[in-house]
Amino acid sequence: MPDSAPRSPSPPDGEAVTYSGARAPDRTRRVACAGLSIAVYEWGEASAPPLLLAHGGLDFARTFDVFAPKLADAGWRVVSWDHRGHGDSAHSPLYSWEADVRDTLAVLESTSQEPLVAVGHSKGSGLLVNLIQALPERFLRFVSIEGLPGNRPRPDVTEHEWVEALGEMSSAWLDERRQMAGRVRRPDTLDGLARRRGRMNPRMDHQWLRYLVSVGARHDPDGWRWKIDPTLRMGGVGPWRPSWSLRWLPQFPVPLLGILGRVEEPMSMGATAENLASHLPPGAHLETLDVGHFAHIEQPDKVAELTLEWLA
C-alpha cells in the first residue's frame, strides 16, 4: 500500500531533536489487516535478506532507530511495524493478543514468502513466539530480547475458577473500554513527556527520551501527546501464569537465542538464566547482560553483535 502514515511534526521553535546513532527508516509503507491500517518501516537495502523486528508493549517501531540501522548496515533488510494502537498504526475499537498476532502475520506476508529470521523485544518476542510455533516453516532463526517468560510464583487457580474469573474480567474490561471511549492523552511539553516516559524507562538518558517524543508523539496546539491509543492497557483478559508459557520452550521449533538483562526495572519480565535453563530446547543459547529491560537501547552495539553472530 502507498505510504500514508502521518508524519511526526518538528519540535517547536525550530529545534531539531537528534540522538547519536539514531537513523530514520529508509522506507515506510502500510499493510492492511482485517481493515486496519498498520504502519511498516524498513532499514537497509530493499534487496537484502529480510529480518522481522517486533517492538514491545507501549513502544513503537521508531524505538529501534539506533538498533535497527546496526543490523541493516550488516546486510539485512530490517522490517518493523507499529502494533495496532501504537505509533502511526490505526487505533482499534478493541484490542487482543490474537489481533496482534494476525497483524504480525500480515507484515510477514507482505515482506517475504521465503523463510526469514526474526528478532523480538518483550511483547514483540511473545507475538513472534506464537507465530513461529504456528508456522515454523516460515522462520529460520529467532532472537528474543528480554521476552522469554519468567517463573515468578503466583497464586494458582483451578480451571473452574479460571472460567468464572474470565467472565468477570471480560465484563470489567468492556465496561472500562466504554468509559474510556473518546478519551485523549494529557498534553505536556516535549521535556515533560520525556520525563513521564522516564518512569517506564528509568535507565534511559533524557536526550534519548526527548528523541522518542520527537518521533513517537504528536504536537497538538495545546502540547505534546503520545500517539499510543489511551485506551490500551498492558496484559489481556483473564488470568495468566508464566509457567503456561514455559511449556512451549522445550519444543521450540527454530534455533533460539535469548538475551536477558540482569537489572530489574518496571517493565522487566523476571526471567533469569537459572529459571530458564531446564526449559531450553536443544541448541538454544542464553546471554545475560548488565542491563535493564531495554537491552537493545541501553547497549545497542553489544545486542547487535550478539544478534548478528547468531543469525550468521
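Modeller: Buried residues make up 54% of the 312 residues in the chain, where buried means under 20% relative accessible area, exposed means over 50% and partly exposed lies in between, with a 1.4 Å probe and protein chains only. This is a predicted model, in which local features need pLDDT of at least 70 and side-chain atom pairs count only at pLDDT 80 or more, while totals for chains, interfaces and linings use all residues. Residues are numbered from 1 along each chain as its sequence is written, and side-chain values use heavy atoms, with hydrogens and water left out.

Biologist: How many helices and strands does the chain have, and what makes a stretch count as one or the other?

Modeller: The chain has ten helices and ten strands; helices (H or I, at least four residues) and strands (E, at least two) are DSSP runs, numbered from the N terminus. Of the contacts in the chain with a separation of 6 or more, 77% are between residues 24 or more positions apart, a contact being heavy atoms within 4.5 Å.

Biologist: How do you know that the length of helix α2 agrees with its number of residues?

Modeller: The expected span of a helix is 1.5 Å times one less than its number of residues, so the 15 residues of α2 (residues 97–111) should span 21 Å, and the end C-alpha atoms are 21 Å apart, which agrees. The twelve residues of α3 should by that rule span 16 Å, and the end C-alpha atoms of α3 are 17 Å apart, which agrees.

Biologist: Why is T104 called buried?

Modeller: T104 has a relative accessible area of 0%, and the limit for buried is under 20%, so T104 is buried. T104 is found in helix α2, where the buried residues also include A99, V101, A106 and L108. Leaving aside residues up to four places away in sequence, T104 touches W81, L127, L128 and L131.

Biologist: What makes you say that α3 is mostly covered?

Modeller: Nine of the twelve residues of α3 are buried, among them L127, L128, V129, L131 and I132. The buried residues of α3 pack against β3, α2, β5 (116–121) and β6 (139–145).

Biologist: What makes a set of residues a nonpolar core, and which residues have the most contacts inside the largest one?

Modeller: A nonpolar core is a set of buried Ala, Val, Leu, Ile, Met, Phe, Trp, Tyr and Cys residues joined through side-chain atoms within 4.5 Å. The largest has 34 residues, and those with the most contacts inside it are L52, L128, F139, F142, F252 and L276. Helix α3 (residues 123–134) gives the most to this core, with five residues. Apart from this core lies another, of 27 residues, among them L51, A61, A72 and A304. As for F252, its contacts beyond four places in sequence are with V129, I132, Q133, F142 and P281.

Biologist: Why is R77 called buried?

Modeller: The relative accessible area of R77 is 12%, which is under 20%, so R77 counts as buried. R77 is found in strand β4 (residues 77–81), and its contacts beyond four places in sequence include R27, R29, E42, W43 and T111.

Biologist: Is A34 buried or exposed?

Modeller: A34 is exposed, since its relative accessible area of 78% is over 50%. A34 lies in the loop between β1 (27–33) and β2 (36–43) and has a positive phi of about 50° although it is not a glycine. L58, in the loop between β3 (50–54) and α1 (67–73), also is not a glycine and has a positive phi, of about 65°.

Biologist: Why is α5 called roughly perpendicular to α6?

Modeller: Helix α5 (residues 190–198) and helix α6 (residues 206–216) pack at an angle of about 115°, with their axes 8 Å apart. Angles under 35 degrees count as roughly parallel, over 145 as roughly antiparallel, 65 to 115 as roughly perpendicular and the rest as oblique, which makes α5 roughly perpendicular to α6. The residues that meet include L190, L193 and R197 in α5 and H206, L209 and V213 in α6.

How values were computed: Axes are lines fitted to C-alpha atoms, for helices over the stretch in contact, and angles run from 0 to 180 degrees between N-to-C directions.
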